[in-house]
Amino acid sequence: MSAHPPLGSGADFAADPDGLIWALRRLLEARTRPGSPHPDPSVALDLPERLPVDGCGGRAALEALAGPVLDRASRLDHPGFLAHMDPPTPWPAWAAAQWTAATNQNLLHPDTAPVVRALEQRVVAWLAEGFCGMDGGHLVPGSTVGNLTALWAAREVAGATSVVASSAAHLSVAKSAHLLGMELVVVDVDERQRLRVDQLPADLSRAALVLTAGTVATGSIDPLDAGRDAAWRHMDAAWAGPLRFTRHADLLAGVEAADSLALSAHKWLYQPKESGLVLFADTARAHAALSFGSGYLAEPNIGLLGSRAAAAVPLAATLLAWGRSGLAARIEADVDIARQLARLVEADAGLELWAPPVTGVVNWRPRGADPRAVRDRLRGAWVSLCDIGGEQWFRSVAANPAADPGAVVAAVRAAW
Ligand SMILES: Cc1ncc(COP(=O)(O)O)c(C=O)c1O
């Protein structure tokens with residue numbers, strides 16, 4: 001068959017069933033091989049340096065990409081992968097993501113997305129239930145955009161002129177303050193990386209206070225009832241928010257009493273990127289402040305993005321497939337993995353634990369060895385690195401329910 005179906009015949013956009021089925025089989029074949037938690041990044045990309053004048057056709061294009069994209073991907077589902085806040089994703093989400101790519105609906109336009117806009121609102125409502133003070137919101141590509149959107153609302157709705165956050169807050173908070181022209185006030189943390197309430201400014205009446213539920217480096221939880229007198233209280237629950245659906249929900253007590261909340265679905269809701277939510281206590285008011293109309297729009301554009309994808313579809317597929325109990329079981333399995341790793345570290349005199357993990361993030365290191373050098377020698381396992389108070393630590397985020405902490409500790413022992 002020609003690589004080039006006749007243009008304008010419709011055939012050039014019609015699916016090639018054989019090609020699609022081949023692509024799916026190739027994916028499955030790659031996923032059932034063991035793979036590596038950290039493939040060699042120095043392998044050269046075997047692709048043309050310049051955009052070819054003539055295309056090679058869909059099947060050949062995918063064959064060229066299969067090696068770099070599928071075979072040489074870091075396997076987030078590998079028993080040795082205990083590194084970042086990036087989980088393996090479930091197959092219904094893969095399939096649903098394929099559907100959204102094929103239908104290419106744009107949430108900006110009711111015309112192109114007549115039903116998935118309502119689907120998004122349904123998914124938002126399912127998740128807002130876990131944070132009972134929130135009455136709605138919308139999907140965002142992640143918590144970087146979620147934090148920026150929420151702080152924008154704080155400025156517009158509550159007249160906040162400053163952003164107050166701890167020194168352990170995610171960099172997106174400082175980025176947001178910078179973009180929004182708001183003053184950034186950084187508050188010290190205690191020995192467990194939690195915001196020190198006694199260091200809060202006395203007057204928060206023009207402040208958007210950001211409290212983090214699960215800090216990026218250590219998974220610490222700020223005192224979530226702090227700063228009740230702030231003009232606006234935003235909870236950055238990017239990582240630990242989904243604990244609300246588990247038997248560990250009480251860890252986040254107070255998170256629901258906020259004006260806004262950000263959560264990354266591509267972290268502990270096991271979604272493909274880019275998927276997250278920004279929720280509001282008074283969505284109508286927040287959305288009104290973040291709405292812009294234009295002559296070409298049937299409805300005002302709410303939030304930061306213009307055109308945006310139907311990330312709600314993979315999320316809905318996952319939540320329906322698992323239900324609340326299935327989601328809880330997976331997150332709870334991850335929490336148990338983190339605790340198991342912490343116990344193994346504590347039991348090994350050659351290893352040091354920073355502190356018992358609170359939300360599935362374990363910080364640890366070999367005693368008397370440079371963590372980075374040991375990490376770089378790891379085989380068959382992978383951990384990330386972070387700086388805590390000027391010192392290097394391993395950071396093992398339990399986002400992979402297939403992780404084997406024993407295998408990770410054994411790999412570290414073999415590497416130093
Ligand atoms: C606490 C916290 N806030 C915000 C973010 C940013 O989220 P995203 O990567 O989804 O944009 C992260 C990412 O790790 C995070 O840990």
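How much space lies in the largest cavity?

Tutor: About 50 Å³ of space lies in the largest cavity. Two ground rules come before the details. This is a predicted model, where local features need pLDDT of at least 70, side-chain atom pairs need 80 or more, and totals for chains, interfaces and linings use all residues. Numbering runs from 1 along each chain as its sequence is written, and side-chain values use heavy atoms, without hydrogens or water.

Now the cavity itself. On a 1 Å grid over the protein atoms alone, a cavity holds points where a 1.4 Å probe fits but cannot get out, and lining residues have an atom within 4 Å of a point. Points join across faces, edges and corners; the volume is the space filled by probe spheres set on them. The whole structure was searched, and 1 cavity of 30 Å³ or more turned up.

His138, Leu139, Val140, Val145, Thr149, Ile302, Gly303, Leu304, Leu305 and Arg308 line the largest cavity. Two elements each give two or more residues to this lining: β1 (136-140) and α5. (Helices are DSSP runs of H or I, at least four residues; strands are E runs of at least two, and both are numbered from the N terminus.) With 3 residues, β1 has the largest share. Sorted by class, this lining has 6 nonpolar, 3 polar and 1 charged residues. Ala, Val, Leu, Ile, Met, Phe, Trp, Tyr, Cys and Pro count as nonpolar, Asp, Glu, Lys and Arg as charged, and the others, Gly among them, as polar.

Aspartate 236 has a polar side-chain atom 2.6 Å from a nitrogen atom of the ligand. Serine 264 places a polar side-chain atom 2.7 Å from an oxygen atom of the ligand. For lysine 267, an N or O atom of the side chain is 2.9 Å from a ligand oxygen atom.

Then turn to the largest pocket. A pocket is an open set of points with protein on both sides within 12 Å along at least five of seven lines. The largest one has a volume of about 1,000 Å³. It is lined by 35 residues, and Leu27, Arg31, Val69, Leu70 and Trp94 lie nearest its centre. Helices α1 (17-32), α2 (58-71) and α3 (91-103) each supply at least two lining residues. The most come from α1, which gives 9. In this lining, 24 residues are nonpolar, 6 polar and 5 charged.

Where does the largest pocket sit? It lies between domain 1 (17-75) and domain 2 (94-320), because both give residues to its lining. These bounds come from an automatic or database domain assignment. The C-alpha centres of the two domains are 34 Å apart.

Finish with two backbone details. The peptide bond from lysine 273 to glutamate 274 is cis, with omega near 5°. Glutamate 274 sits in the loop between α7 and β7 (276-280). Glutamine 193 has a positive phi, near 65°, although it is not glycine. Find glutamine 193 in the loop between β3 (183-187) and β4 (207-212).

Technical notes:
Polar contact = N/O pair within 3.5 Å; in protein donor to acceptor, adjacent residues only side chain to side chain.
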